[in-house]
Amino acid sequence: MSELLLPVAERLLAPAGLGLDDLPGLLGELAGPGIDAADLYFQDQVTESWVLEDGIVKEGSFHLDRGVGVRALAGEKTGFAYTNAIGREPLRQAAQAARSIARAGQTARVQTPADVAFAPLYGAQNPLEGMSREDKVALLKRIDQATRALDPRIKQVTVSLAGVWDHVLVVALDGGLAADIRPLVRFNVSVIVEQNGRRERGSQGGGGRTGYAFFLDDDRAMGYAREALRQALVNLEAVAAPAGTLPVVLGSGWSGVLLHEAVGHGLEGDFNRKGSSAYSGRIGQSVASPLCTIVDDGTLADRRGSLSVDDEGTATQCTTLIESGVLKGYMQDKLNARLMGVRPTGNGRRESYAHLPMPRMTNTYMLAGQSDPAEIIASVKKGIYCASLGGGQVDITSGKFVFSTSEAYLIEDGRITAPVKGATLIGNGPEVMTRVSMVGNDLALDSGVGTCGKDGQSVPVGVGQPTLKLDAITVGGTGA
Amino acid sequence: MSDVEEIGPQGLGELKDKVARIIEEAKRQGATASEVSVSLEQGLSTTVRQREIETVEFNRDQGFGITLYLGQRKGSASTSGSSEEDIRQTVAAALAIARHASEDAFAGLADASLMAREQPDLDLYHPWAISPEQAIELALACEAAAFEADPRIRNADGTSLNTHSGSRAYGNSNGFIGAYSSTRHSLSCVMIAEDQGQMQRDYFYDVSRLGDALMAPSAIGQRAAQRAVSRLGARPVPTCEVPVLFSAELATGLFGHFLAAISGGNLYRNSSFLEGALEQVLFPEWLSLDERPHLPRGLASAAYDGDGLATYAKPFVDKGRLCSYVLSTYSGRKLGMPSTANAGGVHNLFATPGSEDQAALLRRMGRGLYVTELMGQGLNLVTGDYSRGAGGYWVENGEIQFPVQEVTIAGNLRDMFRQIVAIGSDVETRSSIHTGSVLIERMTVAGS
């Protein structure tokens, strides 16, 4: 038995006088006629955040959320209810509501729960208690003071620290049983600088499924601060970005937002089952340049986007989405896998017990290529180099996607020259990916700040890529 | 489920009692001041797709949050729990944070003398007695109308009927306590049109405090279908500088950016390009922006703000001139100004409508881009620089020529506000910001 099952059951079930032995009985409430699949998702999540601004630790907050989500599936139909009260009677009522979507059919047997095998990818310790409150406050103050001392042009410094400790227990009618304890921490620094009446902001952060000590190792927290300041100062000198279609070189790491938007969402199983994605029905076809091999990997230790086991009790894996330009597979949760006749890939994720699971990305990245990054820049006569990006968005049906730059430069005659202001870039996923003409040998993953939104649900994700060149994409500046 | 009857005016007394109990507990544990909010919400969401039920979701959320003070130090905590033990522990968690927070000279509740005295009934609570079966029927009718509207509608991405009701109470240790119930119902339809290998999707929706006031399901479905079909064949246009007409639906976002830029939080953090712009003329002289917080059934109506202050009608922009920031008690203190009773935001904003309908605005524009879709978050509030993905229609001789996609529009918000040429009479009412379409003199469109 997984060593996490007992502590998780102790935290989630014991206060209601329930135990692991009660799970088959509780599931039985869901197993009405016509129900093909069903699950219970118990969750207890504690969150804290501390914010420093104006040189003082102004705010701190603590949040406790606890509940159970009850789901019943009949064919393509899903019934769902949840309750904040973990107990027999509220669960019975939620089960009744959830299974009301099925009216007739066979009654599935409740399989005896057996726990799903998976290897834990992160520690189970509570990050909130891994550092004293005194030390958290002292860390924020130290970073603030050290940052302000770096440059007289600094007007504002905002530093924040946040941690989550999540206990989940999922048990399904098909017998799957899994428990997980998930830590997640994050540190951010934002700096506003002013020079000759002009102001700019820079920000940087990082984190992962680990403890706060991560930010002290190699003085990472101060590294974020230096990077935020550097970016803000670069932007003070920025000129208008050009407007029009140009070659664009994307730096390694966080620029993987490109893949998340241009490719990732379009390869989520639900959109492809429904035929609403620009990638629907294209398995085996060439959808990107042969230089592109893209994976979604939930199994990277301590990464923000990683999960030992997904929110439906499927062990995560490394799924090859695109191999040498050819579409290989989609990311699946249980429902879409069942309806498409394939296996789940460990991508069934949900924001919380109060939300339905669906196929979501974990850590999505492109494997390294052969080119030297310097050689990639040198190959561009006139274009843009994007060192860092902001957020992005995609319309998976038409394939259109955008992302915005937060640190970018002109490339002129193969050399990086003036910084340019933030601009939005827009393209069509399947088209743009065929225009990847060079891929660097410098694969890097992001620092652990990504949050992905879909159907109103947010989940932490990771992205990554080597430096790469797009032969043409539309750059939305105001300049010539 | 079991305690459904708590939501609605009859349950507000109990909610207020809970607020008072939590404030009392905070005092008992040693807080010098505190403010508490308690909420209880329930809802039903049903989605159909391709003429079948896809999901039926029953939502029920409860929770409370407390911000408490130890002198000038502050801590907050919240939970979805509701037991007496949860109350004790949550208060203790907030206190533990306050003990470690820094002294902040500006922190604290608003003066007792400023708290709202009256709480007018804003007619926000209209529960909809609709069963899941009836909700599904309405959603199916909506989607069916969309499929019937055009043969190029080949697929659907979900039609949802949502109905939610909730109660909220807020109180603080300066003697204020308020509570109200509200409802929100919506019907939305997302359709996919397909022709010559191109897929396009678009949507339409309506939202209201009153279920019966929603647009007819068939009308919503037809609009969603028409919008999706009208995007078929969309293509980029060459890079150019032209006038841009923002549809009313998107123009709400332009004024939303404006409100963010004049909000106290961004101003005192030196994070807004409109810092110090009070009394400056930012818009054309004919344009005013005013807040009407007591609008009956308004989507953002409120009798009191997040600090317990009485909300009141006022202009933020009068004849083009910025005459008030958007301030809470805290941000006001930081800026040395009184609160404008906008803790938590602006409660229904109205832009001066013009007399021209959308067709007249297209004629006035002559040649340019009519934008009906925006993508991404390409706004830098520190500088006002604006660059976003866009879709819509190319206009020549005052008439729509063809659908456009995969372009960006860019400018600076300060220039864009000054260059507003006209606001249409086609006022968007499904938003807390009421505006017609907005015609802007000139922006950079980047494309092929």
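**Close-up 1. The buried residues of α4(A) are A:Lys136, A:Val137, A:Leu139, A:Leu140, A:Ile143, A:Asp144 and A:Thr147.** Because these residues cover an arc of only 155° around the axis, they sit on the same side of α4(A). The model shown here, and in every view below, is predicted. On the other side of α4(A), the exposed residues are A:Glu134, A:Asp135 and A:Gln145.

**Close-up 2. Elements from chain A and chain B cover the buried residues of α4(A).** From chain A, the cover includes the strands β1 (37-53), β2 (56-74), β5 (154-172) and β6 (176-195). Helix α5 (220-236) of chain A is also part of it.

**Close-up 3. Helix α4 of chain A runs over residues 133-148.** It has 16 residues. At 1.5 Å a residue, they should span 22 Å. The end C-alpha atoms are 23 Å apart, so the model agrees with that expectation.

**Close-up 4. Chain B meets chain A through 61 residues of chain B and 65 residues of chain A.** On the chain B side, the elements that each supply at least two residues are β2 (52-70), β3 (73-79), α2, β4, β6, β14 (385-396), β15 (399-412) and β18 (438-446). The largest share comes from β2(B), with 10 residues. By class, the side of chain B that touches chain A divides into 19 nonpolar, 29 polar and 13 charged residues.

**Close-up 5. Strand β3 (residues 77-83) of chain A pairs with β2(B).** The sense is parallel. The pairing runs over four bridges. In one of them, A:Gly79 has B:Val56 of β2(B) as its bridge partner. β2(B) is also the element that gives the largest share of the chain B side touching chain A.

**Close-up 6. Chain B is assigned domain 1 (4-229) and domain 2 (234-448).** The C-alpha centres of the two domains lie 25 Å apart. The contact between them takes 21 residues from domain 1 of chain B and 19 residues from domain 2 of chain B.

**Close-up 7. Strands β4 (153-172), β5 (177-195) and β6 (198-208) of chain B each give two or more residues to the side of domain 1 that touches domain 2.** The largest share, three residues, comes from β6(B). By class, this side of domain 1 of chain B has 13 nonpolar, four polar and four charged residues. β4 and β6 of chain B are also among the elements that supply at least two residues each to the side touching chain A.

Note on methods
Residues numbered from 1 in each chain as written. Chains lettered and ligands numbered in written order. Predicted model: local features only at pLDDT ≥ 70, side-chain atom pairs only at ≥ 80, totals over all residues. Domains from an automatic or database assignment. Contact = placed C-beta atoms within 7 Å. Nonpolar A, V, L, I, M, F, W, Y, C, P; charged D, E, K, R; others polar. Expected span 1.5 Å × (residues − 1). Buried ≥ 20, exposed ≤ 12 C-beta atoms within 10 Å, placed from the backbone. Arc of directions from axis to C-beta. Pairing = 2+ DSSP bridges.
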